[in-house]
Amino acid sequence: MNFATAKADDGTLKLGGTTLELVGAAAKAAAQNRGRDLLIGFRPEDLELNGHGGSGLVHIPAKIDVVEYLGHEELIHAQSEGHEIVALVPSDKKVQAGQDVVFAIHSDKLHVFDPETELNLTARG
């Protein structure tokens, strides 16, 4: 699981200088905690490489540090706003260390936690 600290705003999160546009439960959690630092979490397999279209996608720019070739998949280690991001993508993506990329994740796959209570603010139930 990837974790990073982001500042809550009115339905968005700020990851350093990057604004993460949210929908659904993640947007609600950000709006209800405006001005607070929240912890975001997302799984490596939920990240898409260079995903640019579609409603509800959150975009995270990053620079690749290392690519581990695992046969039909690649494990990508990258940096985004001082946070390490690990992504598991199909091997046909052909990326290299030093390359700038944009990861995309569906907003409903983004978990938002309160760092003080460790409660998942996007949990359904």
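A: Begin with accessibility: a residue counts as buried under 20% relative accessible area, as exposed over 50%, and as partly exposed in between. This is a predicted model. R36 has a relative accessible area of 25% and is therefore partly exposed.

Q: Which residue forms a salt bridge with R36?

A: Side chains of opposite charge can pair when their charged atoms come close. Here the partner is D114, and the closest N and O atoms of R36 and D114 are 3.2 Å apart. R36 sits in the loop between α1 and β4 and D114 in the segment after β10, so the pair links distant parts of the chain, 78 residues apart. D114 is buried, because its relative accessible area is 9%.

Q: How many salt bridges does the structure hold?

A: The structure holds 4. Another of them joins R34 and D9, with 3.3 Å from N to O. R34 lies in the loop between α1 (24-32) and β4, whereas D9 lies in the loop between β1 and β2, so this pair ties together parts that are 25 residues apart in sequence. R34 is exposed at 55% relative accessible area, and D9 is partly exposed at 26%.

Q: What are the closest N and O atoms of D100 and K63 apart?

A: They are 3.5 Å apart, in a further salt bridge. D100 is exposed, with a relative accessible area of 58%, while K63 is partly exposed at 39%.

Q: Now the sheet. What is the order of the strands in the open sheet?

A: In a regular strand the side chains alternate between the two faces of the sheet. The open sheet here has 5 strands in the order β3-β2-β1-β4-β10, with antiparallel pairing. β3 (18-21) and β10 stand at the edges with a single partner strand each, so one side of each is left without a neighbour in the sheet. From one strand to the next the twist averages 40 degrees.

Q: How many bridges join β1 to β4?

A: There are 6 bridges between β1 and strand β4 (residues 37-42), and A6 stands opposite L38 in β4. β1 also pairs with strand β2 (residues 12-15), over 2 bridges; in β2, K14 is the bridge partner of K7. β2 is joined in turn to β3 by 4 bridges, where L15 stands opposite T18.

Q: Which residues take a positive phi in the hairpins?

A: In the hairpin of β1 and β2, with 3 residues between the strands, G11 has a positive phi near 85 degrees. In the hairpin of β2 and β3, with 2 residues between the strands, G16 has a positive phi near 60 degrees.

Q: How many aromatic pairs does a search of the whole structure find?

A: A pair of aromatic rings is described by the distance of the centres and the angle of the planes. The search finds 1 aromatic pair. The ring centres of F3 and F113 are 6.2 Å apart and their planes stand at 55 degrees, so the pair is tilted. F3 is in strand β1 (residues 2-8) and F113 in strand β10 (residues 111-113), so the pair ties together parts 110 residues apart in sequence.

Terms used:
Residues are numbered from 1 along each chain as its sequence is written. This is a predicted model: local features need pLDDT of at least 70, side-chain atom pairs count only at pLDDT 80 or more; totals for chains, interfaces and linings use all residues. Side-chain values use heavy atoms; hydrogens and water are left out. Rings of Phe, Tyr and Trp (its six-membered ring) pair if their centres lie within 6.5 Å; planes under 30 degrees apart count as stacked, over 60 as edge-to-face and the rest as tilted. Two strands pair if DSSP finds at least two bridges between them. Axes are lines fitted to C-alpha atoms, for helices over the stretch in contact, and angles run from 0 to 180 degrees between N-to-C directions. A salt bridge is a side-chain nitrogen of Lys or Arg within 4 Å of a carboxyl oxygen of Asp or Glu. Buried means under 20% relative accessible area, exposed over 50%, partly exposed in between (1.4 Å probe, protein chains only).
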